[in-house]
Amino acid sequence: MIHYENYYWGMNFIWWIIWVLLLFWIFAVPYNIPGQRNLKETPLDILKKRYASGKIDIKEFNEKKQILDQS
């Protein structure tokens with residue numbers, strides 16, 4: 001004879017684990033997951049992007065980088 005009480009308790013236990021893991025993933029996982037949310041850019045990152053896109057030249061890049069390094 002099969003004891004259904006143990007079978008259902010086991011399934012219930014597995015669902016509790018799944019729910020706990022899901023809640024942990026939603027609330028405890030850091031927000032900066034690659035592909036999910038963007039990291040905050042530092043001023044140096046923005047400066048590098050501007051230089052890479054050609055908006056500023058190397059002279060202006062070095063001047064602004066020196067200012068950032070001083071602060």
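Q: How many salt bridges does a search of the whole structure find?

A: Side chains of opposite charge can pair when their charged atoms come close. In this predicted model, the search finds 3 salt bridges.

Q: Which side chain meets Lys49 in a salt bridge?

A: The partner of Lys49 is Glu41, at 2.2 Å from N to O. Glu41 is partly exposed, with a relative accessible area of 40%.

Q: Where do Lys64 and Glu60 lie?

A: Both residues belong to helix H3, where Lys64 and Glu60 are 4 residues apart, about one turn of the helix. Their closest N and O atoms are 3.7 Å apart, and the two residues form a salt bridge. Lys64 is partly exposed at 31% relative accessible area, and Glu60 is partly exposed at 27%.

Q: Which residue forms a salt bridge with Asp69?

A: Asp69 meets Lys65, with 3.4 Å from N to O. These two are also 4 residues apart in helix H3, a separation of about one helical turn. Asp69 is exposed, with a relative accessible area of 52%, whereas Lys65 counts as partly exposed at 27%.

Q: Is Phe61 buried or exposed?

A: Phe61 counts as buried, because its 10% relative accessibility is under 20%. Tyr51 is partly exposed at 36%.

Terms used:
Residues numbered from 1 in each chain as written. Predicted model: local features only at pLDDT ≥ 70, side-chain atom pairs only at ≥ 80, totals over all residues. Heavy atoms only, no water. Buried < 20%, exposed > 50% of the residue type's maximum accessible area, 1.4 Å probe, protein only. Salt bridge = Lys/Arg side-chain N within 4 Å of Asp/Glu carboxyl O.
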